[in-house]
Every structure is written in structure tokens, then in C-alpha cells.
Amino acid sequence: MKTLIFSNSIWNIYNFRLDLVKEISKKDNVIIYCNLKKNFNLKKYNIPKKIRIKNIFFSSKSTNFIENFRLIYQIFKIIKKERPDNIFSFTLKPNLFCGLISYIYQFSFFPTISGLGTAYNRGGFFFYIIKLLIKISFKNSKKIFTHNIYEKFLLIKLGLNKKKIIQVNGSGIDFKKFKKLKFLKKLPNNNFLYLGRLIADKGVNELLDAFKILEKKIHCKITLAVIIDNDNVSSMDLKVLKTKIPIKNILVKTNVKDVKKLIKSHDCLVLPSYSEGMSRAIMEAAALGRPIICSNIFGCKEMVINGFNGFLVVPRSVKSLYNALLKFSNLSFKDKTKFGSNSRLLLKKSGFDQKGVITKYIQAI
């Protein structure tokens, strides 16, 4: 059998889907079509040679009709040539366009909604069009995977067969790879970390505003470990960002290679995002035993219980975020350590083990 996998980037596959792809490749011939980085090195990503990777260039943020029609035609030609038995897609445009092509060619279609992102945040007519396209494109799917309960309810509301919908906790986490880290006793332990893309929809502006207020009252530090994402309508310019942070206690890092080491040197992960599928940053930090401050939204709040392993904040609210940062800062070292232990415990009890997630995908095939 032949399985095609479509995604917007090799980064997405490598960081979130590689173990799943490896499992699928044990039975099927797998070909991944995605945006490849320049100077892409297969060995660097430790992807087995039997898994073939091919480039398909497109812009995730473009709403240009001609560009998107060209992408649909590209995918159409690929499917016509490859004649796959199964297709897995993991990002919005591949989800929609592969679904539309399923009306022409027969294949088992398995889309995954991993967050509604910009479409959800922009709302209005744009989100209405996206929902309409989802309803049409997913009609022929064999199974549909969602990362949180809101996405599942949205699909049911759109009239899609609820028996087809399988909710999974993101891509899951390998607890053997992400072992609990010791909490470093370096009082006052108010070293915060933001880990994610450099886009406004992640709440970066609100975080900076809240931290500037906090920094005037207590001794604290924050690191913004950012991933540059120019292919997003809410992208932020790194140079402009740096002009907004004259405070010495704010550090900006790009292209971080050792995420575990970075998390170990910080006391709390902060993610004031507007929307999420199932936050990988929270998942990794929680598995490593760190407290979490995040937005009270689906895709985040499943991994945080207020006052147990962190604090939930109102999205887009500087005041709410500041109060949470201050609350954490006032905790004792013992309580901060306990919050960290509770984070890992909560993930284990809530079914975030990667093996369980992969099993649901394999059973669907």
C-alpha cells in the first residue's frame, strides 16, 4: 500500500509527526510532500531512507485565488501520479485541498485539525468560508482527527458524522525522552520562558506589556525563545520586537536547538496564546516538570489546572497575565517545585502518552 502525507513544512513533520510516520512506514510505502527548507539535509532530521520526502512549495498565509488554485492543481497532479491508498494531511490548506480532490479520486482520507489558528482569530466572513470548506472537504474522509474538544464539536455542528471524528491529545509526548528535570534552586526562581513562533496571535505583545509591569515590582527575568514564521498573517518583525524591549531582563533567542536545556534553566513556561490545537510547548514543558501559565482556551487548559500546576489567564488581557505572573512569583520554592511535579502527573493521567495517540491513528487505518 502507498500512503501520502501532506504538510506545510518539514519542521512540522519532524517535530510533531515523525514517530507516527515511522510507524505507518512499517506497513506502507510513505511519501511526504511538504515545504522543504533550503539546504535540507535528510540525515540531519534522522528520517529513515525508506520514507521519501518531496518538495511542494506554497504559502500558508496567502489568500490569493490564483496561488491557491495553482496549489490545488499541484496536489491534484501529485495524487493522479501517485495513486495512493491513503492520504494523511496535517495543516489547513492540505486538509481542504486534498478533501476537495477526494471527490475526483478514490483514496482513504485522514485529515488532522491541529488548531484553527488565524482563521479562528480573524473570525467573521473569513472564518465562515473556512468552516464551509471544511464541511465540504471532510465529507469523504474516512476518519477525522482533532486535537481538542472544541474542534470536535465544531465538526459535529457542521454536520459531519461524529463517528468519524477521533479526538487525540495533539501528537502526544514520549515520557521516556522527556524525563522530569530537577527544579534549580536559584532564588527567587522567577525566570520565565516563552517558547513559540514569533506571531502576535501567540500573545507576545501582551506578555511583554505584562512583564514590564512585573519587572518594576519584583526581581524577574524572561526569555523569548522564538521561531521566525514569516508565512503567517500575524507575523512579527524580530527587529521591531527588539526595539520594544529595552529592559535588560528580557532576552530574545532564535533557532534554539536544545529545548530541554532551555526549559531546565527556567522556572515557568508562559503561553498567552489566542488559540491552539494542543500546545506542544506546554506539553514538553509540563512533561519536563515545569509549572505553566497559559490562556484559558482549548488546546492549553487541558494541561493546566488553576492553582495545581499553574495559572490560567484571560486571552488578550495584560492585567490577567500580570496577575498570574505575580501569583507565581510569590509562591515559595516548595510550591513552585510541587507545581512542576503536578504538571507531569497531570499529563500522564490525562492520556498524553505518545504511544496512545499513535495507536489511534494506526487503528483508524
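Student: Why is Lys202 called buried?
Tutor: The relative accessible area of Lys202 is 11%. Buried means under 20%, so Lys202 is buried. Bear in mind that this is a predicted model.

Student: What makes the pair of Glu276 and Lys202 a salt bridge?
Tutor: The N to O separation between the two side chains is 2.6 Å. The limit is 4 Å between a side-chain nitrogen of Lys or Arg and a carboxyl oxygen of Asp or Glu, so the pair qualifies as a salt bridge. Glu276 lies in the loop between β11 and α10 (280-287), and Lys202 in the loop between β8 and α7. They are 74 residues apart, and the pair links distant parts of the chain.

Student: Is Glu276 buried or exposed, and how do you know?
Tutor: Glu276 has a relative accessible area of 12%. With the cut-off for buried at under 20%, Glu276 is therefore buried.

Student: How do you know that Asp19 and Lys177 form a salt bridge?
Tutor: Their closest N and O atoms are 3.8 Å apart. The criterion is within 4 Å, so the pair counts as a salt bridge. Asp19 belongs to helix α1 (residues 10-25), whereas Lys177 sits in the loop between β7 (165-167) and β8, 158 residues apart.

Student: Why are Asp19 and Lys177 called partly exposed?
Tutor: The relative accessible area is 23% for Asp19 and 47% for Lys177. Buried is under 20%, exposed is over 50%, and partly exposed is in between, so Asp19 is partly exposed and so is Lys177.

Student: How many salt bridges are found in the whole structure?
Tutor: The search finds 6. Salt bridges also link Lys2, Lys54 and Glu82 in a network.

Student: Which residues of α7 are buried, and what covers them?
Tutor: The buried residues are Val204, Glu206, Leu207, Leu208, Ala210, Phe211 and Leu214. Their cover includes β8 (191-197), β9 (221-227), α8 (238-243), β10 (250-254), β11 (268-271) and α11.

Student: Why is Cys220 called buried?
Tutor: Cys220 has a relative accessible area of 1%. That is under 20%, so the term buried applies to Cys220. Cys220 is in the loop between α7 and β9. Setting aside neighbours within four places in sequence, Cys220 contacts Asn190, Phe192, Phe211, Leu214, Glu215 and Asn249. The C-alpha atoms of Cys220 and Ser329 are 8.2 Å apart, although 109 residues separate the two along the chain.

Student: Which members of the largest nonpolar core touch the most other members?
Tutor: They are Phe192, Leu224, Ile293 and Leu347, in a core of 59 residues. Another core lies apart from it and has 30 residues, including Ile101, Phe109, Leu158 and Leu160. Beyond four places in sequence, the contacts of Leu224 are Tyr194, Leu207, Leu208, Leu241, Ile250, Leu251, Val252 and Lys253.

Student: What is noted about phi of Arg83, and why is Arg83 called exposed?
Tutor: Phi of Arg83 is positive, about 50 degrees, although Arg83 is not a glycine. Arg83 lies in the loop between α2 (65-82) and β4 (86-89). Its relative accessibility is 54%, so Arg83 counts as exposed, given a cut-off of over 50%.

Note on methods
Residues numbered from 1 in each chain as written. Predicted model: local features only at pLDDT ≥ 70, side-chain atom pairs only at ≥ 80, totals over all residues. Heavy atoms only, no water. Helix = DSSP H or I, 4+ residues; strand = E, 2+ residues; numbered from the N terminus. Buried < 20%, exposed > 50% of the residue type's maximum accessible area, 1.4 Å probe, protein only. Core = buried A, V, L, I, M, F, W, Y, C linked by side-chain atoms within 4.5 Å. Contact = heavy atoms within 4.5 Å.
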